[in-house]
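Biologist: Could you walk me through this one? I'd like to begin with the open space in it and then move on to other spots.

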Amino acid sequence: MSCVFCRIIAGRSGSEVLYQDEKITAFRDIRPQAPIHILIVPNEHVSTARELLDKDSSVLITMFSEAHALAEAAGIAGKGYRLVINTGPDAGQMVDHLHLHLLGGKPIQPDGMALRWKDRMT
Ligand code: 5GP
Ligand code: ZN
């Protein structure tokens, strides 16, 4: 099994699983970018949300629903959090298994939507 997230889903990595059901699994990011940084993934290996929409779009709803439940459980739902899906090389997708990042636990900068592009935008 070459995919690191498939190994975590199968319980073969030693990573602590925070939530798992028949459709999805959630676990902490190994290199957290925020005090709370959790990844929510479909149990079936798909690369993108587009692929999952074609197979079973209900899994996407479950992923977002569980992200909110995990934010509630972590005590950050009230103050706010960010959900991110990087898709493809231009977006910096490093792991080829769809994953929803849940990030929170401290305030972001007011220009929080500003992204650092490799080159000037224009
Ligand atoms: P991407 O850049 O693809 O959106 O994010 C991939 C994320 O997966 C990164 O934040 C990275 O830290 C995380 N990651 C990579 N390998 C592992 C691993 O083996 N275990 C865990 N828990 N997270 C990982
Ligand atoms: Zn996988």
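Modeller: About 1,900 Å³ of space lies in the largest pocket, where a pocket is an open set of points on a 1 Å grid over the protein atoms alone, fitting a 1.4 Å probe and having protein on both sides within 12 Å along at least five of seven lines. The volume is the space filled by probe spheres set on the points, which are joined across faces, edges and corners. This is a predicted model, in which local features need pLDDT of at least 70 and side-chain atom pairs count only at pLDDT 80 or more, while totals for chains, interfaces and linings use all residues. Residues are numbered from 1 along each chain as written, chains are lettered from A and ligands numbered from 1 in the order written, and side-chain values use heavy atoms, without hydrogens and water.

Biologist: Which residues lie nearest the centre of that pocket?

Modeller: Gln33, Val84, Asn86, His101 and Leu103 do, out of a lining of 46 residues, a lining residue being one with an atom within 4 Å of a point.

Biologist: And what is the lining like by class?

Modeller: It has 22 nonpolar, 14 polar and 10 charged residues, with Ala, Val, Leu, Ile, Met, Phe, Trp, Tyr, Cys and Pro counted as nonpolar, Asp, Glu, Lys and Arg as charged, and the others, Gly among them, as polar. Helix H1 (4-9) and strands E2 (24-28), E3 (36-42), E4 (81-84) and E5 (100-104) each supply at least two lining residues; helices (H or I, at least four residues) and strands (E, at least two) are DSSP runs numbered from the N terminus.

Biologist: Switching to the metal, which protein atoms are the donors of the zinc ion (ligand 2)?

Modeller: They are Cys3 (SG), Cys6 (SG), His45 (ND1) and His97 (ND1), at 2.1 to 2.3 Å from the zinc ion, and they follow the spacing C-x2-C-x38-H-x51-H along the chain. Donors are N, O and S atoms within 2.8 Å of the metal (3.2 Å for Na, K and Ca), and sites may look incomplete because water is not among the atoms.

Biologist: Why is the arrangement around the zinc ion (ligand 2) tetrahedral?

Modeller: The 4 donor atoms subtend angles of 106 to 117°, which makes it tetrahedral, since four donors count as such if all angles lie between 85 and 135 degrees.

Biologist: Are Cys3 and Cys6 buried or exposed?

Modeller: Both Cys3 and Cys6 are buried, meaning under 20% relative accessible area, with exposed being over 50% and partly exposed in between (1.4 Å probe, protein chains only).

Biologist: Where is Ser47 found?

Modeller: Ser47 is in the loop between E3 and helix H2 (49-56), and it counts as buried because its relative accessibility is 16%. A polar contact of 2.9 Å joins the side chains of Ser47 and Asp96; such a contact is a pair of N or O atoms within 3.5 Å, where within protein one must be able to donate a hydrogen and the other to accept it, and residues adjacent in sequence count only if both atoms are side-chain atoms.

Key. Four donors count as tetrahedral if all angles lie between 85 and 135 degrees; four count as square planar and six as octahedral if opposite donors are over 155 degrees apart and all others between 65 and 115; anything else is irregular.
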